[in-house]
Amino acid sequence: MDMNTIESVVATTDPGQWREGDAWLAGGTVLFSYGSPVGSEEPLKRLLDLGQAGWPAVTVSDAGIELAATCTVAELYALPVSDAVASRNWPGLDLFRPCCDSFVASFKVWNMSTIGGNVCTSLPAGPMISLCAGLDARATILGRHGSSRSVPVAEFVTGDGKNCLAPGELLRSIHLPASALAAKVAFRRLSLSNLGRSGVLLIGRLDADGSLVLTVTAATKRPVQLRFAAAELPDVEQLAAAVGHSIPTELYHDDIHGLPEWRRDMTFRLTEEIRAELCGPEEPGEPLTVSGDFWPPHATSPQPSTQPAQKEA
């Protein structure tokens, strides 16, 4: 859409240049859809363009993966099969493509939409929020006076379209720790319609020390994490009690993509599925189980990961 209130576009990565009426511009898939940041009351006058920032999209090290806020969904999608991680024993990489597919978006969006933009938009169904929160990622935030702070992505989002950013602050990067990437993982996603927006998206992690982490997103207005020590892994009843205690009724999201009651019921169901998958008997060779409305593969998605396997002639 045309943004007819914009007076200028400034190429900068300096939060010190921010002033009232400004918005950070990365891929622009939200700004040019809605016309202003979610929750904004004042018309925008300037766009602070990060397009020429030159930040490396992905940096891989023994400590984990650093994603620039300007890393695109397409770049993230390509990472699990790239040489950069070929030698890494990181099962958590199996989550990347299902989360990217959860955008249910065209290649045009994938090549423009950024990881940082999805996190900063802070919608319940934001799949990059799900991925990063589920892997205990931390966000590096730059302030207007040269300051910098680090916040867990699970705490970055505070509500529907709300987050912890102060005016002018800039999300610089997101760090996915190697310890979480090395964990055994599970993924569940449900929507009310085929190729619909996520109504429930859950990620489970069984860490090397035997502890269990369950991250609930899309069903709730903000991410909710449940953590269980190795010596205190829950059974069916204990898990249900923990979910009920951790997620009050009013925290479940309510919109056209799912009533709170349905989201709550599916959260209970899918957390138990994940508990059984991660904490049950080992079944060597079993692939990552993905539940959802557009898996198994179908022919209508533009994304390679959802295409049916080609039969040999």
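A nonpolar core is here a set of buried Ala, Val, Leu, Ile, Met, Phe, Trp, Tyr and Cys residues joined through side-chain atoms within 4.5 Å, where buried means under 20% relative accessible area, exposed over 50%, and partly exposed in between, for a 1.4 Å probe and protein chains only.

## Basis and confidence

Residues are numbered from 1 along each chain as its sequence is written, and side-chain values use heavy atoms, with hydrogens and water left out. Because the model is predicted, local features need pLDDT of at least 70 and side-chain atom pairs count only at pLDDT 80 or more, whereas totals for chains, interfaces and linings use all residues.

The mean pLDDT (the predictor's confidence in each residue, from 0 to 100) is 88 for the protein, and 87% of its residues reach 70 or more. Over residues 294–313 the pLDDT is below 50, although this stretch has 38 contacts in the model beyond near neighbours in sequence. Where pLDDT is low, the predicted coordinates should not be read in detail.

## Helix H6 and the cysteines

Just after H6, Asp136 takes a positive phi of about 55°.

Cys132, one of the buried residues of H6, counts as buried because its relative accessibility is 0%. A search of the whole structure finds 0 disulfides (pairs of cysteine sulfur atoms within 2.5 Å). For Cys132, the nearest cysteine sulfur is that of Cys99, 8.5 Å away. The sulfur of Cys164 is 8.8 Å from the closest cysteine sulfur, in Cys120, and is therefore too far for a bond; Cys164 counts as partly exposed, at 23% relative accessibility.

## Strand E6 and its partners

Strand E6 (residues 138–142) has a covered face, formed by Ala139 and Ile141, and an uncovered one, formed by Arg138, Thr140 and Leu142. E6 runs antiparallel to strand E7 (residues 148–152), to which 5 bridges join it; two strands pair if DSSP finds at least two bridges between them. Ala139 stands opposite Val151 in E7, and in the hairpin of these strands, which has 5 residues between them, Gly146 takes a positive phi near 80°.

E6 also pairs with strand E10 (residues 170–177), in the antiparallel sense and over 5 bridges, with Leu170 as the bridge partner of Leu142.

## Surroundings of Phe228

Phe228 lies in strand E14 (residues 224–228) and counts as buried, at 13% relative accessibility. Apart from neighbours within four places in sequence, Phe228 is in contact with Ser211, Leu212, Leu214, Leu233, Pro234, Leu239 and Ala242. The C-alpha atoms of Phe228 and Ala242, which are 14 residues apart along the chain, are separated by 9.8 Å.

Methods. Helix = DSSP H or I, 4+ residues; strand = E, 2+ residues; numbered from the N terminus. Contact = heavy atoms within 4.5 Å.
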